[in-house]
Amino acid sequence: MGAGQELPQKSCCVLTSVFCVFLLKYHCFLHSCWQKDWQLINNLSEALKKLKITSNDSTADSLEGCLDCLLQALAQNNMETSEKIQKSGVLQVFASLLTPQSSCTAKVANIIAEVARNEFMRNPCVDAGLIPPLVQLLNCKDQEVLLQTGRALGNICYDSHTLQSQLINMGVIPTLVKLLGIHCQNAALTEMCLVAFGNLAELESSKEQFAYTNIAEELVKLFKKQIEHDKKEMIFEVLAPLAENDVIKLQLVEAGLVECLLEIVQKTVDSDKEDDIAELKTASDLMVLLLLGDESMQKLFEGGKGSVFQRVLSWIPSNSHQLQLAGALAIANFARNDGNCIHMVDNGIVQKLMDLLDRHVEDGNVTVQHAALSALRNLAIPVVNKAKMLSAGVAEAVLKFLRSEMPPVQFKLLGTLRMLIDAQAEAAEQLGKNVKLVERLVEWCEAKDHAGVMGESNRLLSALIRHSKSKDVIRTIVQSSGIKHLVTMATSEHVIMQNEALVALALIAALELVTAEKDLENAQLVQILHRLLSDDRSAPEIKYNSMVLICALIGSEPLQKEVQSMAFLEVISKLRSHENKTVAQQASLTEQRLAVES
């Protein structure tokens with residue numbers, strides 16, 4: 001048929017007939033749906049009316065019919081049906097139907113679970129008194145009742161710490177743990193228990209109760225049976241918050257969780273599948289979390305000969321950033337007591353960590369840098385380790401990260417250097433004469449957005465002077481404009497930092513007063529000392545070191561004039577009667593010195 005030709009009249013009639021038939025059928029379909037909806041609405045209204053009026057007298061069969069009607073309506077339109085259930089007042093009736101003896105109990109609990117999926121229905125469920133009878137039903141043996149009861153309680157208390165705390169106080173945790181052990185073959189019930197544990201474990205108050213159950217044993221037993229990633233992930237989500245508790249950490253270690261985690265790491269480390277990568281991260285992170293507990297950590301360390309410790313060591317040279325990170329964090333956790341630190345340094349851990357840092361100098365992984373520096377900082381705490389680590393070149397390895405712009409790395413870098421030079425005069429002098437380091441410290445002393453970095457920079461600046469007692473170091477710090485930061489540090493809210501600053505400033509005044517004179521004057525040190533001595537809240541050691549510093553400062557003519565102009569004698573004379581004898585004695589000496597100089 002060519003363009004512009006019309007359809008034959010017979011074809012038009014056929015098309016019209018087909019269209020009419022379609023319209024007729026569609027109309028019948030709509031009418032049928034409307035009739036069903038109308039019938040359902042009628043049935044729902046009748047069911048609600050019947051439940052409210054005759055719930056105590058009706059037979060189980062008639063009640064079940066009403067409950068089936070409610071479930072059907074909820075399946076079709078949950079929100080609208082829930083609103084009608086609330087308005088009808090039937091929720092109060094449900095409380096009396098939640099009994100272990102009733103054959104309707106599972107359906108009632110199912111209805112409550114369905115309506116409580118709506119946020120607006122949760123408070124009405126609580127007000128209707130549904131929580132106590134539901135909690136009682138957790139002692140029931142019927143698995144369907146248990147499942148629907150768990151769903152109902154979970155939905156009612158969803159996202160409400162107040163209601164979850166109420167459940168904890170009602171003793172649901174031991175009951176649920178017991179259920180998990182009894183019904184571990186029931187996948188639906190097991191999942192219900194795990195979801196409940198995941199929600200409750202977020203509350204600190206729950207962990208003490210969990211610690212008095214065999215939750216660790218049950219979870220590890222369940223974990224060992226799992227093959228599917230999703231099921232393992234669900235158990236991990238329970239284990240992570242529980243493992244924040246030190247008692248449960250030890251229980252998990254004793255239940256064999258670590259062996260499970262190590263097996264996961266071994267199976268997934270070379271995989272590029274998304275699920276395996278996620279599992280590797282979760283398992284290694286959880287391993288590190290278990291090591292945060294002192295008892296669990298020592299149990300796994302086993303004097304440095306434990307198989308777990310040896311496996312963790314093998315993670316550090318791994319090509320996986322996740323395992324490098326976990327390995328370094330694990331070493332940092334093992335290095336929480338002197339005995340472990342000394343053993344690890346004597347057995348070559350320092351070189352492994354420095355090799356790891358070398359792999360991350362240029363455009364490296366920040367989290368790995370941070371973790372490795374954390375481990376080195378902890379290892380440097382014991383006195384006997386400091387010289388060994390300095391000889392191994394740790395200071396030089398750490399200084400490679402001086403260019404880093406990442407505050408977490410800066411913070412650990414500073415802490416590591418400060419630990420290394422403690423009572424190590426030669427190392428302190430060598431670092432203190434390093435102009436690039438000192439200039440970077442002065443820059444970071446002004447990092448007001450990062451209090452940790454600012455505080456550590458000040459402390460390291462002070463430590464360089466206190467441990468080296470070197471004129472060269474003082475001159476380097478003066479030339480780099482670092483004096484003002486030490487003076488500011490003397491006003492810190494932390495007594496330990498105040499004290500470190502005052503001792504460093506006293507050494508400056510004793511060794512290089514002329515060089516530092518102008519900077520001390522510009523930083524208003526004398527006024528600050530007057531304030532510290534006048535303040536009754538100043539600690540005894542702060543008052544003592546402030547007076548020692550005053551005695552040193554009067555060797556400078558301009559600073560001496562400032563001291564005389566501020567009537568220090570009056571303040572210091574009061575301190576002669578201080579309750580601390582050392583402060584009182586220093587006050588007498590300082591008063592005599594000021595009297596001679598005036």
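Contact here means heavy atoms within 4.5 Å. Helices (H or I, at least four residues) and strands (E, at least two) are DSSP runs, numbered from the N terminus.

## Ground rules

This is a predicted model, where local features need pLDDT of at least 70, side-chain atom pairs count only at pLDDT 80 or more, and totals for chains, interfaces and linings use all residues. Residues are numbered from 1 along each chain as its sequence is written, and side-chain values use heavy atoms, with hydrogens and water left out.

## H17 against H20

Let's start with a helix pair. On the H17 side (residues 274-290), Leu 280, Lys 281, Ser 284, Asp 285 and Val 288 meet Gln 322, Leu 323, Ala 326, Leu 329, Ala 330 and Asn 333 of H20. Sorted by class, that contact has six nonpolar, three polar and two charged residues (Ala, Val, Leu, Ile, Met, Phe, Trp, Tyr, Cys and Pro count as nonpolar, Asp, Glu, Lys and Arg as charged, and the others, Gly among them, as polar).

The axes of H17 and H20 (residues 321-334) come within 9 Å and cross at roughly 5°. Axes are lines fitted to C-alpha atoms, for helices over the stretch in contact, and angles run from 0 to 180 degrees between N-to-C directions.

On a 1 Å grid over the protein atoms alone, a pocket is an open set of points with protein on both sides within 12 Å along at least five of seven lines, while a cavity is a set where a 1.4 Å probe fits but cannot get out; lining residues have an atom within 4 Å of a point. Points are joined across faces, edges and corners, and a volume is the space filled by probe spheres set on them.

The largest pocket comes out at about 430 Å³. It has 21 lining residues, with Gly 150, Arg 151, Gly 154, Asn 155 and Val 195 closest to its centre.

Of its 18 lining residues, Met 454, Gly 455, Asn 458, Thr 488 and Met 497 lie nearest the centre. H29 supplies the largest share, seven residues, and the lining has six nonpolar, eight polar and four charged residues.

## One cavity

A search of the whole structure turns up one cavity of 30 Å³ or more. The largest cavity has a volume of about 40 Å³, and Leu 180, Cys 184, Glu 218, Lys 221, Leu 222 and Lys 225 line it.
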